[in-house]
4 protein chains.
Amino acid sequence: MIIVLKPGSSDADIEDVSRRVKGMGFKTHLSRGDVRTIVGVVGDDRAKEQLLALQSLDCVETVVRILQPFKLASREAHPDDTQFKVHGVPIGGTQLVVMAGPCSVESRPQLMAVAEGVKAGGAHVLRGGAFKPRTSPYGFQGLEEEGLKLLSEASKATGLPVVTEVMEPDKVEVVAQHADILQIGARNVQNFSLLKRVAECGKPVLLKRGMSTSIQEWLLAAEYVLAGGNPNVILCERGIRTFETSTRYTLDLNAIPVVKKLSHLPILVDPSHGTGHWEYVSAMSKAGLAAGADGLIIEVHNNPAEALSDGPQSLKPDRFAKLMAELRPLAQVLGRSL
Amino acid sequence: MIIVLKPGSSDADIEDVSRRVKGMGFKTHLSRGDVRTIVGVVGDDRAKEQLLALQSLDCVETVVRILQPFKLASREAHPDDTQFKVHGVPIGGTQLVVMAGPCSVESRPQLMAVAEGVKAGGAHVLRGGAFKPRTSPYGFQGLEEEGLKLLSEASKATGLPVVTEVMEPDKVEVVAQHADILQIGARNVQNFSLLKRVAECGKPVLLKRGMSTSIQEWLLAAEYVLAGGNPNVILCERGIRTFETSTRYTLDLNAIPVVKKLSHLPILVDPSHGTGHWEYVSAMSKAGLAAGADGLIIEVHNNPAEALSDGPQSLKPDRFAKLMAELRPLAQVLGRSL
Amino acid sequence: MIIVLKPGSSDADIEDVSRRVKGMGFKTHLSRGDVRTIVGVVGDDRAKEQLLALQSLDCVETVVRILQPFKLASREAHPDDTQFKVHGVPIGGTQLVVMAGPCSVESRPQLMAVAEGVKAGGAHVLRGGAFKPRTSPYGFQGLEEEGLKLLSEASKATGLPVVTEVMEPDKVEVVAQHADILQIGARNVQNFSLLKRVAECGKPVLLKRGMSTSIQEWLLAAEYVLAGGNPNVILCERGIRTFETSTRYTLDLNAIPVVKKLSHLPILVDPSHGTGHWEYVSAMSKAGLAAGADGLIIEVHNNPAEALSDGPQSLKPDRFAKLMAELRPLAQVLGRSL
Amino acid sequence: MIIVLKPGSSDADIEDVSRRVKGMGFKTHLSRGDVRTIVGVVGDDRAKEQLLALQSLDCVETVVRILQPFKLASREAHPDDTQFKVHGVPIGGTQLVVMAGPCSVESRPQLMAVAEGVKAGGAHVLRGGAFKPRTSPYGFQGLEEEGLKLLSEASKATGLPVVTEVMEPDKVEVVAQHADILQIGARNVQNFSLLKRVAECGKPVLLKRGMSTSIQEWLLAAEYVLAGGNPNVILCERGIRTFETSTRYTLDLNAIPVVKKLSHLPILVDPSHGTGHWEYVSAMSKAGLAAGADGLIIEVHNNPAEALSDGPQSLKPDRFAKLMAELRPLAQVLGRSL
C-alpha cells in the first residue's frame with residue numbers, strides 16, 4: 001500500500017500517519033516529492049486492508065493498493081499450475097475437460113436422455129441443477145434432493161462424474177454425498193458462509209465468477225476456499241453484466257489470460273450463460289479454448305423449447321456432438337487434447 | 001410476452017408456436033405484419049417465464065417481455081404505499097427514518113459510544129454488523145453472536161431498535177432474537193435460500209440492492225419475501241457497479257422515482273456505501289431525500305481512522321449530528337418530517 | 001506516478017528504469033520493500049503520461065498514477081469557484097441557473113411557444129438543438145442553420161440567452177454567431193478537434209459528460225478547452241451507461257460532490273437525458289440541486305407526443321413551471337437562490 | 001414497434017393512439033389482453049423511431065422496439081457476406097486479414113523499422129496514427145500531415161496498403177489522399193458529421209466500436225456510411241468499458257457471432273486496445289479468430305518502452321512474427337487461411 005498525503009501536510013501529520021501504520025504492525029518508507037509526501041507500507045500484504053481506514057484522516061489524500069491482496073491463489077506463491085483428477089478425469093493439465101448437461105434436472109427420462117447424449121458426444125463430466133437459484137419466485141425451483149438422487153443414478157449409468165450447484169451451507173453435506181464437484185453459482189460467489197463450508201467438505205469446488213465480480217474479488221473468493229483447507233478450486237468465467245443487451249451477459253474472455261498470469265488455478269468457460277443464446281455457443285466455446293481456458297461447461301437439453309429453465313441457451317445433443325467434433329482439432333492446434 | 005417469428009415462417013410454424021403456448025395454459029393473439037408475424041400471449045404473468053424457452057425454436061426470432069414479472073411488489077396490485085412501525089418508528093409514511101451506526105460492531109465501548117452519538121444526533125434506528133461479509137478472508141469477520149448481544153444491549157441503553165445483517169439461513173433465528181429489522185446485504189440479494197427463510201421469520205426485512213441487480217430483479221427478490229408471507233420489506237439503494245472509479249459505487253438515485261412508480265414498498269438510500277467516501281455522504285444524503293427516498297442508512301464511527309471496516313466512508317458522530325440538522329429543514333420543504 | 005518492479009528485479013533492472021525515468025526529465029525516489037522495489041517519480045505531472053510505456057519492460061509489474069493528470073481544471077491550482085455571467089445570467093455562484101427548451105428546434109411556432117413557456121416558468125437560458133446527433137441516419141437531423149436563426153429570433157423575443165450544440169469544428173463559427181453558450185454533446189466529449197476549436201471561439205462552453213467518460217477523462221476534456229485559452233467551461237452530468245435498463249441512462253449524482261472537490265468549474269445536471277422519462281425529471285431535478293449542482297438543463301416541449309426527438313423525456317411548459325415553483329424553496333434551504 | 005397501453009385505458013385512448021400512429025403513416029394492429037391493450041405498428045421500420053414520442057401520452061405505458069432499426073447493414077436485407085479488396089488484399093472472405101503497425105507515427109526511422117517488421121511477420125495492411133485522439137491535452141498529439149506522408153512512404157517501401165485514423169470532417173480529403181482505408185476511432189463512432197463525410201470519400205472505412213456503444217448503435221453508425229453511398233465498411237471490436245480494471249477494456253468477443261448473425265459486414269478484432277497489455281494480445285488474437293472474426297488489427301512497436309503512446313499494449317516485431325506463425329495453423333483448423 002502507498003499512502004498519499006495532501007499537499008501542505010505538516011511534519012506532525014507525517015509523524016502521525018507513520019505512528020499509526022507502525023501501530024498496525026508495518027514498517028514505513030517515506031518519499032517526499034515536490035508537492036506531496038508518500039508513505040510506503042512494508043509488511044504482510046494480507047493484513048493491509050485495514051490501512052484503507054487511514055483515508056479518513058484529514059491529511060491523507062488517498063491510499064493506493066500496489067499488490068494483489070490474495071496469497072494462496074496467486075501464481076507468485078504457487079508458480080506451477082494446479083492439477084488434479086476427479087474420478088480419473090484430469091482437471092488443469094494439457095487435457096481439456098468438458099462438462100455438459102441440462103440446466104435443471106427435470107425428470108428421470110429427461111436427465112437420462114441428456115446424460116447419454118453428452119456421454120456419446122464426448123463430455124467428461126455431467127452437469128445438472130437440483131437446487132436452482134431462480135430470479136423469480138414463480139420459476140421452477142428444482143427437484144432438490146430428488147434431483148440429486150437422479151444425478152447419482154445418471155452418473156452410475158454413464159460413468160460420468162457429476163457437478164451440481166449448492167446454494168446454502170446446510171445443504172453442502174447432502175450435495176457432497178451425490179456430487180463429485182460442488183458448484184458455487186455466480187450469485188453466491190461472495191456468499192462467504194457458503195464458501196467457508198465448501199472449503200471443509202473435501203470435494204473439488206467449481207467457483208463461477210459473479211456477474212459483477214472483479215477478477216481480484218473472484219480470486220479472493222477462491223482464497224476463502226483455499227484458506228479453508230481445500231486446494232481443489234476450479235474457476236469458471238460465465239459472463240459479466242454490462243450495458244450490452246444483445247447477449248444475456250458479456251463473456252469476459254480477457255479474464256482467461258489475466259487469471260493465468262495471476263493465479264495457478266484451472267479455469268473453465270461457460271459459453272451458455274456467457275451468451276444466453278445457443279446460436280452463439282459454438283463460436284464462444286472455440287474462443288474460450290483459444291484464449292487458453294482449461295475446459296468448458298455447456299448446457300445441453302433434449303428438448304430446449306420445453307425446458308423448465310435456460311432453454312434458449314441449451315444445445316441439443318446432436319449439436320453438442322458436432323461442436324465436440326470441431327473442438328478436437330482446435331485443441332490439438334492449441335497444444336491441448338480433448 | 002410477445003413472440004416474434006422470423007420472416008418466412010410458415011403457417012405450420014405459427015400453428016406449432018400457438019399450440020405450444022396454449023399447451024402452457026395461455027391464450028394467444030395473432031398479429032401478421034408485412035414482414036413478421038407476432039404472437040401475443042395472454043394469461044397469468046407470473047407463469048410467463050417459461051415462454052422464453054420458445055426462443056430455441058428455429059422459427060422464433062425473439063420473445064419480448066412486455067409486463068413486469070412481479071406481482072405482490074407491484075403498485076398495480078397494491079396502489080397504496082406500504083407503511084408500518086418498528087417499535088414505534090414509522091417506516092414508509094411522511095415521517096422519514098434515519099438508521100445509523102458503525103459498519104461493524106467492534107467492542108462494547110465502541111458500540112456504546114457510537115450508539116449514544118447517533119441517538120443524540122437524532123437517528124431512529126441503530127445499525128451495526130455482527131456477521132460481516134468481507135471480500136478478503138483475512139479481513140475482520142465480525143464478532144458474530146457476541147456482536148448481536150452487544151447490539152441488544154445498546155438497543156436497551158438507547159431505546160433505538162436495531163437493524164443488522166444476516167448472511168445465512170441458519171442464522172436467521174438467532175439474529176431475529178436480537179434484531180428488530182433483518183438486513184439482507186447487497187451480495188445476498190439473490191441468495192434465494194436466505195430470502196425464503198427471512199420471509200418466514202416475521203420481522204421486517206431491509207433488502208439492499210445488489211451491485212449489479214437490475215431494479216426488476218431487485219423487486220423480484222422482494223417478491224420472494226412477500227410471497228413467503230412477510231409484507232414488511234424495506235428496499236435500500238446502495239450503489240451499483242459501473243466503470244467509474246472515483247467513488248466506490250455509483251449511487252443510482254434514478255432508482256428512487258422508478259421504484260416509487262413500480263412498487264408500493266418503502267425505499268431508503270445508503271450514501272455511505274453508495275459513495276465510499278465520508279466527504280460525499282452529506283451531499284448524497286440530501287440528494288437521496290430530494291429524490292423521494294423514505295429515509296437513509298448512514299455509517300457512523302467514533303474513530304474512523306482505526307475502524308476495522310469501512311473507515312473511509314464513516315462519519316464521526318458530530319458530523320452526523322450536523323448533517324441531521326441540515327436535513328430537517330430540507331425534509332420540511334419536501335413535505336416530509338424528520 | 002509509482003513504478004512497481006517485479007519480485008526478483010536485479011540492481012541492473014532498477015538502474016535501467018531509473019535511467020529511463022531521468023531521461024524523460026524526472027527525478028526518482030527509490031523504496032525497497034521486502035518483496036518489491038518501488039520507484040517514485042517526481043516532476044511535472046502533466047508530462048507523466050509517457051511513463052506508462054515503461055510497463056512494457058520485463059522487470060516492471062505496473063505503473064500506478066497517484067495524482068490527477070489535469071492541472072488548469074483542478075481545484076488545487078485554482079481554489080476558488082469559477083463564476084461568470086452570460087448576458088447578465090450568473091453561472092457558478094450561489095444563484096442557480098436553469099436552462100430549458102426543446103430537444104430540437106422543429107419550427108418557428110414550436111420554438112416560440114416553448115421559449116415563451118420556459119421564460120414564463122422562470123428559465124434563465126433557452127436551450128434548443130439545430131444540429132442534432134441522431135443514433136439513426138433515418139432520424140430527424142435538425143434544421144441546421146435555419147434552426148440557429150430561429151434560436152436567435154427566440155432569444156430576442158424573450159431576452160433569454162441561448163445554448164445550442166455544435167457538432168463539428170467547421171460549424172463553430174456559425175454556431176457562435178447565434179449562440180451565447182456552445183454545447184458539446186455527450187458523444188463529442190472526446191472529439192478533441194472540436195474541443196480545440198471551441199477553446200478558440202471565446203464563448204462559454206457547456207461540456208456534457210460522455211456516457212462512458214470517467215470523471216477524470218471528463219476533466220481532461222475540460223482541460224483541452226482551458227488549455228486552449230477559454231476559462232468559461234460549464235460541466236454537465238447527463239447520465240452514464242450502465243446495465244440498468246429501466247431508465248435511459250444512470251444519472252451519476254455522485255459526480256457532483258466529486259467534481260466540486262476536484263475542480264472549480266460550475267456543474268449542471270440534465271435530468272431529462274439522465275432518466276429518459278418525463279415522470280422522473282422532477283425528482284431528479286431536486287436531487288441534482290440537493291447534491292450541490294449549480295443548475296439544471298431541462299427539456300421542455302409544447303407537444304411531447306409529436307416531438308421529432310426526445311418526446312418521452314420532455315416536460316410540458318405547465319409542468320416545467322410547477323417544477324420551478326417547487327425548486328425555489330428547495331434552493332433556499334440549500335443556501336442558494338433561484 | 002409495439003405500443004403497450006396502461007390498464008384502464010379507454011376506447012377513446014385507444015382511438016387516439018391509433019389515430020396518431022396512422023397520422024405518422026403506419027398501419028395498426030390491435031390486441032386486447034385481459035389487462036392491457038397492445039397496439040402493433042406495421043410499416044417502414046426506418047421511420048418508426050418517432051413512435052417513441054408516444055410514450056409521453058398518459059395512456060401509454062411503454063413503446064417496445066421489436067425489430068432492428070438498421071436496414072442496409074442487416075443480413076436480412078443483404079444475406080451474403082460483404083467482400084472487397086484493398087490493393088489486392090481481400091477483406092471479408094475466407095482469407096483473414098491482419099493489420100499491424102505502431103499506435104502513433106513518431107518518426108521516419110521508427111515507422112520504417114516497424115513497417116518492415118510487420119511486413120516480414122506477414123501483416124497485410126500497415127496501421128499507424130498521424131492524427132491522435134489523446135485523453136490529455138498534454139499527450140503527444142501526432143505528426144499530423146507529416147505523419148500521413150511518412151505512411152505513404154512506408155506503404156511504397158513495403159507494398160502494404162495503409163489504414164489510419166481521421167478525426168474531423170475537414171481532414172477526410174487529405175487523409176484519403178494518403179490512406180487506403182480510413183479509420184473511425186472508438187471516440188468518434190457517433191461523430192455523425194464525420195460519418196457522413198467518410199461516406200462520400202469512396203475509400204473503405206474501418207469503423208471501431210465505441211467503448212459504450214451497443215451493437216445496435218454500432219450497426220446504425222455503419223448505416224450512416226452505407227446510406228451515404230459507401231458499401232465498404234469494416235467493423236472492428238476493440239473492447240467496451242466495464243467495471244473490470246485489470247484490463248484496459250473488456251474485449252466483447254460475443255459481438256463477433258452477434259454481428260455475423262445480424263449483419264453482412266466484415267468484422268475485425270483489436271486485441272491491443274481490447275486488453276491494454278501486450279502479454280494478453282496473443283491469447284486474445286487467437287480467441288478473436290476462433291470466435292469468427294475476419295481478421296485482426298494489432299499494435300507493434302520497435303521500442304515499446306519509449307513509445308509516445310500505447311507502449312504497454314504494443315508487441316515487438318519478433319513477438320508479432322511469432323504470433324503470426326501460431327495463427328496460421330489455427331486459421332486452417334477454423335476453415336480460413338492466413
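User: In which loop of chain B does B:Glu144 lie?
Analyst: In this predicted model, B:Glu144 has a phi of about 55°, a positive value although the residue is not a glycine. Most residues other than glycine have a negative phi. B:Glu144 lies in the loop between strand E8 (125–127) and helix H3 (145–158) of chain B.

User: Is B:Glu144 buried, partly exposed or exposed?
Analyst: A residue needs 20 or more C-beta neighbours within 10 Å to be buried, and 12 or fewer to be exposed. Because B:Glu144 has 14 C-beta neighbours inside 10 Å, this residue counts as partly exposed.

User: Is A:Asp310 buried or exposed?
Analyst: A:Asp310 lies in the loop between strand E14 (295–299) and helix H10 (317–333) of chain A. Its phi is near 55°, a positive value in a residue other than glycine. Because A:Asp310 has 23 C-beta neighbours inside 10 Å, this residue counts as buried.

User: Which strands stand at the edges of the open sheet of four strands in chain C?
Analyst: The order of the sheet in chain C is E2-E3-E1-E4, with antiparallel pairing. Each edge strand has a single partner strand, so one side of it is left without a neighbour in the sheet. The strands at the edges are E2 (27–32) and E4 (60–64) of chain C.

User: Which residue stands opposite C:Ser31?
Analyst: Strand E2(C) is joined by six bridges to strand E3 (residues 37–42) of chain C, and the two run antiparallel. Within E3(C), the residue opposite C:Ser31 is C:Ile38.

User: At what angle to E3(C) does helix H1 of chain C run?
Analyst: Helix H1 (residues 11–23) of chain C lies across strands E1 (2–5), E2, E3 and E4 of chain C. Relative to E3(C), helix H1 runs at about 10°.

User: What kind of axis relates chain D to chain B?
Analyst: Chain D is superposed on chain B by a rotation of 180° with 0.0 Å of shift along the axis, at an RMSD of 0.0 Å. That relation is therefore the one given by a two-fold axis.

User: Which C-alpha of chain D is nearest that axis?
Analyst: The axis in question is that of the 180° rotation superposing chain D on chain B. The nearest C-alpha in chain D, 2.2 Å from the axis, is that of D:Phe243.

Methods. Residues numbered from 1 in each chain as written. Chains lettered and ligands numbered in written order. Predicted model: local features only at pLDDT ≥ 70, side-chain atom pairs only at ≥ 80, totals over all residues. Least-squares fit on C-alpha atoms with pLDDT ≥ 70 in both. Pairing = 2+ DSSP bridges. Contact = placed C-beta atoms within 7 Å. Axes fitted to C-alpha atoms, helices over the stretch in contact; angles between N-to-C directions.
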